[in-house]
Every structure is written in C-alpha cells, then in structure tokens.
Amino acid sequence: MSLKSNKSSSGDLTENDENPPKYGYGVRHIQLALYLLCLTVIIIGRTHIGVTIVAMTIDPKINTSLVNNTAGENNPHILTYSGNRTESESINFKRINNVYNNIALVNIDQNYKTWSWPKSVQELVLNAFFLGYMIMMFPMGLLCQRYGGKLPLQIALFVNGIVSIATPWLTVWGDWKALCACRILQGLSQAGTYPCIQSVLGKWVPINERATLGCCVHTGLTIGTVIAFQLAGFLGSSKWGWPSIFYTTGVICLLCFILITIFGASNPSEHKSVTEKEKNYIKGSFIDNNDKIIKTPWRAIFTSKPLWGAMTAHIGSNIISILFLNQTGTYLHFTQNIDVRNSGLLSSLPYVAGFFTMLLFGWLSDYSTNNKIVSKNNARRISNSTANIAMATCLIMTSYTSNRIVVVICLVVGISCNMGVNSGWMINYIDLAPDFSGTLTAIGNTLANIFNLITPAIISYIVTDMTNITQWRLLFFITSGVALIANTVFVILVSTDVQPWNYGEQKESCDEVKKENIKETHTIVTTL
C-alpha cells in the first residue's frame with residue numbers, strides 16, 4: 001500500500017501533489033474585471049491633477065493688464081481673461097494654454113476662474129496627495145487584512161467621488177490651501193488601493209494564473225494614467241472648463257463605488273455565485289484561511305529573508321521609476337531643449353506600450369512556470385531583473401544623447417520594461433503570504449514612500465545646476481546603481497514558497513492532525 005502526503009521533505013505544508021482539474025472562464029474573471037475597472041478609475045482621480053492644474057493657472061509673468069481681477073482686493077489671485085491682445089501676447093497665451101500635443105487646456109473665451117499660483121504652490125498641490133497617501137498606507141493595510149480587499153476600495157471610491165465633486169467650490173472659496181486639503185483627503189482614502197488589490201489577487205487568483213491575471217488587473221495603472229491625461233485635456237478645453245474634470249471624475253468614482261458594493265466580493269467564500277468546483281480550483285492548496293481571521297505574525301514577517309528581498313526590490317525599483325518619470329522630462333528640457341511633457345505622443349506612448357508589455361510579462365511568466373521551462377523563483381528573478389536593468393540602461397542613455405528618436409526609444413523601452421516588476425517583486429508578496437499580501441504591500445509601500453521623501457533632497461544636493469549634464473549623469477548613475485543593487489538582493493533572497501507564518505496557528509494544528517493521521521495509517525498498514 002502506498003501513501004500520498006501533502007508534505008515536503010522539510011515537513012512543511014505545500015501545494016497538493018495533484019492539482020485540481022482545470023476550470024476555464026468563471027466568476028473570478030468577472031471579479032477581477034470589476035477590480036480592474038475600479039483601479040483604473042482611482043488612478044484617473046489620482047493623476048489627472050498633473051494636467052488639470054495647467055487649466056487652473058496662468059503664468060504669473062503674464063502682463064496683468066490682460067486680466068481682469070473679478071474677486072476684488074480680498075482675493076487678488078482669482079483671475080479671468082479679458083481685453084484685446086497683441087500678436088506677441090496672443091502667442092504667449094497660446095504657449096501657456098496648449099499642452100499635451102497642443103490641446104488647449106484653458107479656454108480663454110470663457111470666464112472660468114484661474115489662479116496665478118507660482119511654481120512652488122503648484123508643487124505643493126501636486127504633492128499634497130502623497131502626504132495623505134503615506135500617512136494612511138500602513139493603517140489601510142491593517143484594515144485590508146482585517147476586513148478584506150473590498151472595504152478599502154469602497155472607501156477610496158466614495159471619498160474620492162465626494163471630494164472631487166466638491167473641489168471646484170472649495171478651491172474658489174479657499175484658494176490653493178483648500179485644493180491641497182482636498183488632495184490630502186484623496187490621498188488618505190486611496191492609501192489602501194494597492195494593498196486591497198494585492199489582497200484580492202491573493203484570494204481570487206489560483207497559483208498557476210497568478211502572474212497573468214495579476215498583471216491584467218495592474219494594467220489599470222497604465223489605462224488610468226492615459227485616460228486621465230486625455231480626459232483632462234479634452235474637458236479642460238471644452239466649454240465646461242476645468243471644473244468639469246473634477247465633476248466627471250467624481251461621478252465615475254461614485255458609479256464604481258455602487259458597482260463594487262453590489263457585485264464585489266473580497267474572496268470566493270463571500271460570493272454567492274461561485275461554484276464549489278471553481279472554489280477548489282482557486283484554492284488549490286491544503287489550507288485556506290478565507291473564512292478565518294488569523295493573528296498577524298509580526299515577528300515572523302519582519303524576520304523573513306525572502307520578504308526583505310521583495311521589499312528591497314520594491315524600494316529600489318520605486319526610486320528609479322519615480323526619478324525616471326519625474327526628472328527625465330526636466331533633464332531633457334534644460335539640457336537638450338526637448339519638451340517631452342508638452343507632447344501628447346511622448347506623454348502617452350510609454351504607458352500605451354506599457355499596457356501590452358505588462359500583459360506579456362505576466363503571460364510569459366505563467367507559461368514558462370506552468371510548462372516547467374523555468375522555476376517560479378527564476379521567473380520572478382527574470383521579470384524583475386529585466387525591468388530594472390532596462391530602466392537603468394535607458395536612464396543612463398538619456399544622459400548621453402540629444403537625438404529625439406533615441407529619447408523616445410529610451411522613454412518607451414524604459415517604462416515598458418519596468419512593467420516587469422508586476423510579475424516580479426509585486427507578485428512575490430502574494431507568493432510569500434496570500435493571506436497577508438495586503439499587509440506586506442502596505443509595509444513595502446510605506447518604506448518606499450519614506451525613501452521618496454528623501455530622494456528630492458538628494459537630487460537637489462547633486463544637481464545644483466539643471467543645465468549641467470555632468471551633474472545629471474552622476475545622479476542617473478547613482479540611481480541606476482541603487483536599483484541594480486536592490487535587484488541583486490531580490491535575486492539572492494527570492495522565494496515563491498508560501499511561508500509557514502502565512503497560516504498562523506492553523507498550520508500548526510493541521511500539521512499535528514496530519515502527523516496523527518499518518519501515524520494511524522502507518523499502524524494499520526503494519527498490522528495488515
């Protein structure tokens with residue numbers, strides 16, 4: 001008589017020796033499509049401000065005789081356009097009012113209020129979101145762990161919807177300070193977005209589809225970014241003006257809130273339409289904690305070497321990607337006289353390409369592991385290394401060229417390949433602990449945002465003259481080195497085995513039961 005055991009040679013619980021039968025299209029795909037839609041809408045609410053603020057402001061250097069102060073002495077910053085303009089003044093207005101492939105963002109024929117905020121105030125507005133985002137990241141991760149991935153997403157959509165609709169009135173009332181307050185509230189509410197998405201993926205996606213479906217959901221980042229740029233450009237130049245951007249965003253956030261409230265579920269156990277066959281296919285392992293809230297094993301989490309490998313990669317790739325996205329345009333503008341940010345093609349093309357490469361990375365990762373071409377560990381290593389090496393190479397190349405074609409290639413290839421992190425360290429959080437993936441993502445995001453606060457000071461220290469190519473090149477080399485070192489740590493420490501602490505006390509009890517069952521069966525076999 002032969003006995004089958006679900007235990008590895010080390011005595012730890014592993015996946016079943018026999019995988020459950022394949023289950024094709026099912027409820028899990030509908031749920032993930034719903035969460036993809038919600039992520040896209042949330043990203044639109046987060047990123048449109050980069051274009052919208054152009055529609056809300058005018059250059060303080062514009063001749064004040066061309067504007068009519070409609071608010072009196074009590075509010076001298078609220079301005080509208082009026083009067084006749086000379087040809088040179090019209091050209092100046094055209095330069096300001098056109099961005100992203102010459103789309104007019106400020107309709108000068110309408111009387112929408114605009115502000116003459118200096119660049120420093122605009123930066124405060126743009127970064128206010130991330131203040132709230134960082135503050136609530138860890139608490140939202142705990143909320144996600146306690147109540148599942150649906151609730152934090154509901155909070156994000158509802159708060160963003162209400163705040164977005166109220167923002168135009170509040171801004172007219174309280175100027176840039178009120179706008180900053182609105183953005184902070186949105187950041188506070190959105191802090192749980194990625195922890196909740198990771199938690200949902202850990203509950204709804206079977207192991208052999210993890211990279212493919214995970215990357216499909218994460219394409220919401222690229223889709224939302226592209227839509228936000230184009231939507232803000234279109235509405236800002238329409239007869240409804242910049243307030244319509246906030247109203248539209250708020251309405252779609254509330255609509256998605258209704259959809260996720262009615263049709264969404266944090267895990268298969270909460271969904272009434274999932275068949276037992278699909279549930280078994282999704283679980284695909286001996287232990288499942290969907291219905292049980294277990295205590296968070298903090299000590300085991302912070303002493304886990306594979307987890308520190310994933311978090312190190314998270315920090316490193318975040319530093320280089322943020323610098324690549326935020327500073328490359330500034331570098332090219334001041335050193336090469338290439339205006340990347342004011343081109344609709346160059347602003348959107350990298351994200352459009354990134355949509356397809358993200359799907360490609362996910363599919364290749366699952367295909368290669370399911371067909372035993374590479375191990376899961378190596379699949380994570382390859383995806384993450386490709387992303388970081390390509391990003392570092394493209395970043396350095398931009399400091400050695402002024403050729404527009406090469407610049408476009410670097411932007412597209414760098415951002416496209418960077419999508420490999422979604423099937424690298426990002427999916428690895430779910431590999432290590434499906435039941436705590438939201439908490440792990442929150443920890444990683446908190447650490448990454450702390451480094452994001454330090455990075456601007458380092459950049460200012462290195463780059464004292466924005467026209468000095470040598471200083472920029474030094475910054476790019478240092479940043480690339482940090483990312484590659486972080487990736488090396490990930491390559492060394494990576495593991496795709498579910499960690500024992502994922503199961504908490506339940507694992508220990510199951511281990512004891514299995515030992516007793518095996519002992520009793522062995523006794524029976526010996527007797528026979």
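## Close-up views of a predicted protein model

**View 1. Asp 431 and Arg 210, a buried pair.** Asp 431 and Arg 210 are both buried (under 20% relative accessible area; exposed is over 50% and partly exposed lies in between, with a 1.4 Å probe and protein chains only). This is a predicted model, in which local features need pLDDT of at least 70 and side-chain atom pairs count only at pLDDT 80 or more, while totals for chains, interfaces and linings use all residues. Residues are numbered from 1 along each chain as its sequence is written, and side-chain values use heavy atoms, leaving out hydrogens and water. The side chains of Asp 431 and Arg 210 form a salt bridge, 3.0 Å from N to O (a side-chain nitrogen of Lys or Arg within 4 Å of a carboxyl oxygen of Asp or Glu). Asp 431 sits in helix α16 (residues 425-432) and Arg 210 in helix α7, so their pairing ties together parts 221 residues apart in sequence. Helices here are DSSP runs of H or I with at least four residues, strands are runs of E with at least two, and both are numbered from the N terminus.

**View 2. Glu 209 and Arg 28, a link between distant parts of the chain.** Here the closest N and O atoms of the salt bridge are 3.0 Å apart. Glu 209 lies in the loop between α6 (193-204) and α7 (210-218), whereas Arg 28 belongs to helix α1 (residues 27-47), 181 residues away. Both residues are buried. Look for Glu 278 too: together with Arg 28 and Glu 209, Glu 278 is part of a network of salt bridges. The whole structure has six salt bridges.

View 3. An α-helix has 3.6 residues a turn, so residues three or four places apart point the same way. Lys 279 is buried, at 14% relative accessible area, but Glu 276 is exposed, at 52%.

**View 4. A nonpolar patch on the surface.** Leu 37, Val 251, Leu 255, Ile 258, Leu 259, Ile 262 and Phe 263 make up the patch, with about 630 Å² of accessible area together (areas by the Shrake-Rupley method with a 1.4 Å probe; for residues, only the protein chains shown count as cover). Patch residues have over 30% relative accessible area and no salt bridge; nonpolar side chains (Val, Leu, Ile, Met, Phe, Trp, Tyr) are joined within 5 Å, and like charges within 9 Å. Helix α9 (residues 243-263) contributes the most, with six residues, and Leu 255 is found in this helix.

**View 5. Helix α17 and its kink.** This helix (residues 437-462) has 26 residues and reaches 37 Å from first C-alpha to last, close to the expected 38 Å (1.5 Å times one less than the number of residues). A kink of about 25° lies at Ile 454, shortly before Pro 456 (the angle between axes fitted to the seven residues ending there and the seven starting there).

View 6. Ser 199 is buried, with a relative accessible area of 9%. Leaving aside neighbours within four places in sequence, Ser 199 is in contact with Cys 144, Gly 149, Ser 437 and Gly 438 (heavy atoms within 4.5 Å).
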